[in-house]
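Visitor: I'd like a quick walk through this assembly. Can we go chain by chain and then look at the contacts?
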Amino acid sequence: MNVNTYIPLFVILSSFVPALIIFRLPQKRHTLRTFLNLFGIFMTLFFVLWMFIGVYHNQEYLFRLPLLPNLDFSLKAGALALFFTGLSSILWFITTIYAIGYLEGSAHSSRFFGFFSLCITATIGVALSANLITFLIFYEILTLSAYPLIIHRGTEESRIAGNKYLFYTIAGGALLLLGVVWLYVLTETLEFTPKGFVYTIVQEHHFASMMIFTLFIAGFGVKAALFPLHGWLPLAMVAPAPVSALLHAVAVVKAGAFGIIRVVYEVYGIEIVTLLHLMTPLAVIASITIIYGSLRALFQDNLKRRLAFSTVSQVSYIILGVAIAGPVAAMGGIVHLVHQGVMKITLFMGAGNFAETLGVHYISQMNGIGKRMPLTMVAFSIGALGMIGIPPIAGFITKWYLGFGALDSGEEWVLFILAGSSLLNAAYFLPILYRAWFLSPPQSWPDEQIFSKTETKLSLLLPPLITAFFSLIFGLFVATPWSPLSWVQLIIEREFY
Amino acid sequence: MIEVFLILLPFFGGILSFIIPKFNKVIGLGTFVLTLFFVFGLGLQLLDKGSYYHFIGGWDAPLGINLYVDGLSLVMLGLTSVMGLSLSIYAKKYFICKQSLWFWTIWLFMIAGLNALFLSQDIFNFYVTLELIGLSSVALTALSDTKEALTGAMRYLLITLLGSLFYLLGVALLYHGFGSVDIVILSKKIESIPVAWAALGLMSIGLLLKSALFPFHFWLPLAHSSAPAPISAILSAVIIKASLYIQLRLWSSLFIPLGADLYFEVLFAFFGSLAVIWGSIKALVQTRLKMLIAYSTVAQVGYLFIAFSLALGGISIAWSALVYLILSHALAKSAMFLVAGNLLHFHGHDRIIDLDRIAQRLPLSTTAFALAGVSIIGLPLSGGFIGKWFLLEASITKSNWVITCTILLGGLLATGYVFKVLGFTFTKTAFSQETKNISLSMELIPLSLAIMAIALGFFATPLFSLMEIGNPFFIIRVQP
Amino acid sequence: MSTLFVYAIVGIGLFSIGLYALIMQKHLLRKLLAINIMGSGVFLLFVSLSMRSVTGVLTDPVPSAMVITGIVVAISATALALGLMIKIARKSAKAELCNLDQE
Amino acid sequence: MTRFFVVIVVSLLFIGVSYAILSLPQQAQGLSQAVYTEMGKSGVSNPVTAVLMNFRAYDTLLEMAVLFVALIGVYSLSYIKKEANLRLQSSVLQRLGGILVPFLLLLSVYLLWVGAHASGGAFQAGSMVSASAILMFLSGWKFSLFPQHTFVRLLLSLSLIVFLFIAILTLYMSKELLLLPVKEASYFIFILEAAATVSIGITLFNLFVAIFSQQKEKK
Amino acid sequence: METLIIAELLFDLLLSGSLLFLAYKTLTCKELFQAIVFFIVFGLLLSVTWGRLGAYDVAMAEVVIGAGLTGALLLSTFMQLNKINNKLDEEKKQ
């Protein structure tokens, strides 16, 4: 019982407690609210950094609380858990800055920031969970706390989007619950273990193991927006831009993908999944989603909708990487958690800036926008090019490892998928860049706001620039020991293979 | 000896508030605070001594009436007194002076009846307590003084009388078949002869009528939705569970040894599932909030009987599921009804589509509703989740996939109706509505009840060990 | 077997007739009468069953006491029901006191 | 259609329960034996009174509560005028009342008294009291027994108060609820019965008056 | 002795028959007032039955409470309902 035991709990509390206080703050207390937000973030970052160093030196952080007979509420900071925690807490910081610029001063901001922090709490909880029941708990809290954010605007449209989101995710949650309970009845444990724990029952309950795996994939697939369960994601773009960033890059979608990683590696184990002949179907579904998402993105004029379908496609890279079943591909997949995160958040914040500063929502309105808002557009372009997979931006690394891993595992067909999707990515991003940089701007923008010093509010401008910078250096300095890829290598060595 | 005061105190308080109506609020609240203390003391004593009997009048059964305290009765008594105190604080603000003149007396007598019921071990005594509870809840329902409330109360009265008569007929048969009305003595004497089976059928019908299991639910929505808010809350939270509690006692000591479980298992599961589906769908299509909540109770009763059925099927974890569902539903549902009461007061109506930005204007009430909804749906981490988890565990252990699917589907439908309401709390209506102020305590009480429903999720382990004092579900099977 | 045992069957008969009328009759007062008759049936059964073997000299006092309790409960319930009924008649402004059927 | 269905169900019920009781064992199961053995300790010689007021006195306490709740329920439903002025204008009834009332009251006292060792007791006596009060009321006697008076409220709850008092007293003396000491049992029972007679009488009378003269609320 | 038993049997049959008959009439006869009267008679007959069963305490309680007071309550309700109906009719006419 030393302090290390409680650090995972502290991480959770350092965003949860500010959230509770923020809920009760009156609308006017801007400064206090901002202070609380930032305080929570810095506390979280501090603890996360502490644990990063600790885990690097093989320190264990495990917190337990009895929940049910034989089942604990337990949090554990392993390498993989920290990877996701680090991603979400850093992006939380950036998104919060952005959200303060975007929403502070508009109505109901206490509610907004409260639920925003709650979302992050849940995401960090998802990351740190050491067993399936804890995972499930945070996963559902995440589902719920994202709901008020989606319908934040309180319009009829957002209410419908929120209900659709909820319908999908709760149904997914129900499948997940069924899978978890079923698994528990069979194995009597839910603790994540390297190489999985299902091997104990797979002989006896072959069919049940397959069914449970399917339930898990379907359950997580809803949040990870696997085809055909992605329907809620494009609709949810009615939410304010920071929420979209949160949904697409930081929390919700990522939690689904992360769940699939956990299930494949630490519940079933690669070998069992392969034994059950479930890897290839998973890879196929991921591939279909990749192509389908890109195709749909091609035909959207609404910028955020196009980005949303792009997410549908991109998140499946992670799943594809997991499903190829080789350490190299897995590296590609897992590192994409971060790479997709920083790139997509850049894109969404860029889109948010266009909407907020110029009232531009549609791609057809973006002619010459690069001349009006050059910095934002530079960031946007870096994100877009990264998505396509242009070196040396982060997205390229992902694709490189995925392709390499596919060859490694003898799944050559994956290369075609990668090539095809890259082409499609180019087809839906390059026209935007072309319009923005090379066409002449219109006489007037739909709803322009003028800022004297910079092209837009500073708090809106800085975050996308930072994340764009991240996407660049994650690609450039991939070989350094502190790059995401190196950490993923550590994860794979320690926990998976 | 402490247990006796749980019955005497509310009676005493009731009479006192009848004689001195001037101070009825103070008397009422004081009584509830004291009762809560006594329940606490009872819990300590139980932990110390284990379960025990109290022979009233010094006459042991069969001649006299025995009281019996074990973990199950303690949990139910605790629930009653917590609900009693919080609803009293709410009611203090809710009832305006004319109604409150008689409210407190009836209310305290009802609580006395409930406590007496949870302590009793005598099937005729159960009948008298049932009547006491029934009549007082009818009288309280009618306090709303609207046409709906009166009609609902009347229908409720007829049903509760009918149920009692069926039950009493069963008591008569058991008495003449086996010569006692004490459960323990009966459980030793009972054997599989027609009269036992007839009694089983009659008593079950009577109690099912009272606990409103589908298809006997027809009286519930109107009565529960039209009663004053705190009364709706206690009706859904405790009253319908009182008759379920009697079922529990009867089955675990009398009817399972008969071997009746094999038939009734299927029956309860069937009607329970129908109740879940039907109640949820009906809740989903309601346009008025209180009606929606009342239909949700119909669905939740279905869950209780699904758990009951699984427990009869020999899955011991289903007993825990049942008790947990009872507790969490009680807390969550009462929070919902109180929120509905607040909204009715705030807007003067409870049409769901015209809730008009409640999320911003009454954030505490909305939070209470949302948290209660989380527990009703069974999302983690809440009391409802724990109950549902055990329920799923039991049904999967039994490989009963129909029930498993029903449970999940019911959860989805519940999400549907809870978030149907929550969605409209964010939107704005086209026309402006007049609003009235709501006192803080009327907002805080539902919130704290909802928080308790959530908090139940964290205390599963200690609660289970408390519940199992005296091993209430220890069942000896006499014959296969 | 004592013939008094017959009254037990009569009791069940009253219970059944009452149940039938309770379901079929529309008027609330009739429903209440039906409930009362059902109750009388139960009481009759309760007392007369103890006459199975004895010849009526030693009446079992326990059922009698319980039936007295039952009678008092019955009149309490009846009084409450009647009070409600009058109130409903006032509120609903309807000549017929029907149990409004609505979903 | 409904009728047919209901007839089927009810007949099935009838047949089923009849079959059950016809197949009861010949030897009556009951508590006569137990009651008669313990009669000596009960303090009274009428077995029914012994059961009601001693062996199962707790049931009686709850039953008094039921009656009480019913009365208050009826009160809460209605606005009752202080002086109910509805009377039957019948001279026959007035005459009859004049003759019957003293007789009935006397009868009720007798019933209360005799209840200890023969048929009779608090319930019968109490209902006699109420019957005579109703007769007096209907024949136009001016007297006021309405709950606006604290005294009347005390009388209404008298039986419960006495019950609770004895309950506490017995708890104090023996740690068992309502354990009546064998020697003094008859006194205790008489006190209980007397209180119950008063309460039942006034309660039933008030129930009647409340229903008889329920008024529309004045807004 | 034989005749006594037969007479007893006849009496029992007559009593139970009329109980059932009265119950039937109470619940099915057309007029509400009649129904109430039938019910009161039913109560009286029931108390005779209690006497026949040797339960004199119950018989006494039944005759006063079951028949007498319940009857009085029913009748006064009936009057109240009539009054309300009349008022409603008048209002309709106006």
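Guide: A definition to begin: two residues are in contact if their C-beta atoms, placed from the backbone, lie within 7 Å. No contact joins chain B and chain E, whose closest C-alpha atoms lie 15 Å apart. This is a predicted model, where local features need pLDDT of at least 70, side-chain atom pairs count only at pLDDT 80 or more, and totals for chains, interfaces and linings use all residues. Residues are numbered from 1 along each chain as its sequence is written, while chains are lettered from A and ligands numbered from 1 in the order in which they are written.

Visitor: How far apart are the nearest C-alpha atoms of chain A and chain E?
Guide: They are 47 Å apart, and chains A and E do not touch.

Visitor: OK, which chains have the most contacts between them?
Guide: Chains B and D, among the six pairs that touch. Chain D puts in 46 residues and chain B 45 residues.

Visitor: Which helices of chain D supply at least two residues each to the side that touches chain B?
Guide: H1 (2–22), H2 (32–42), H3 (47–55), H4 (57–77), H7 (150–156) and H8 (158–174). Helices (H or I, at least four residues) and strands (E, at least two) are DSSP runs, numbered from the N terminus. H4(D) gives the most, with 14 residues.

Visitor: What's the class make-up of that side of chain D?
Guide: It has 29 nonpolar, 10 polar and seven charged residues. Nonpolar covers Ala, Val, Leu, Ile, Met, Phe, Trp, Tyr, Cys and Pro; charged covers Asp, Glu, Lys and Arg; the others, Gly among them, are polar.

Visitor: And how many residues are in the contact of chain E with chain D?
Guide: 13 residues of chain E meet 17 residues of chain D. The chain E side has eight nonpolar, four polar and one charged.

Visitor: Switching to C and E. At what angle do H1(C) and H1(E) cross?
Guide: Roughly 5°, with the axes of H1(C) (residues 6–24) and H1(E) (residues 2–28) coming within 10 Å. Axes are lines fitted to C-alpha atoms, for helices over the stretch in contact, and angles run from 0 to 180 degrees between N-to-C directions. The two helices are therefore roughly parallel, a label for angles under 35 degrees.

Visitor: Which residues make that contact?
Guide: On H1(C) they include C:Val6, C:Tyr7 and C:Leu14. On H1(E) they include E:Asp12, E:Leu19 and E:Tyr24. The contact divides into 11 nonpolar, two polar and one charged.

Visitor: What else is in chain C?
Guide: Chain C has three helices and zero strands. Of its 103 residues, 72% count as buried. Buried means 20 or more other C-beta atoms within 10 Å of the residue's own, with C-beta atoms placed from the backbone.

Visitor: Now chain A. How many helices and strands?
Guide: 20 helices and two strands. Of its 497 residues, 62% are buried. The C-alpha atoms fill a box of roughly 70 × 55 × 45 Å along the principal axes.

Visitor: Last one, H8(B). Is it mostly covered or mostly open, and how many residues are buried?
Guide: Mostly covered: 15 of its 18 residues are buried. Just after H8(B), B:Ala212 takes a positive phi of about 60°.

Notes:
Angles under 35 degrees count as roughly parallel, over 145 as roughly antiparallel, 65 to 115 as roughly perpendicular and the rest as oblique. A residue is buried if 20 or more other C-beta atoms lie within 10 Å of its own, exposed if 12 or fewer, and partly exposed in between; C-beta atoms are placed from the backbone.
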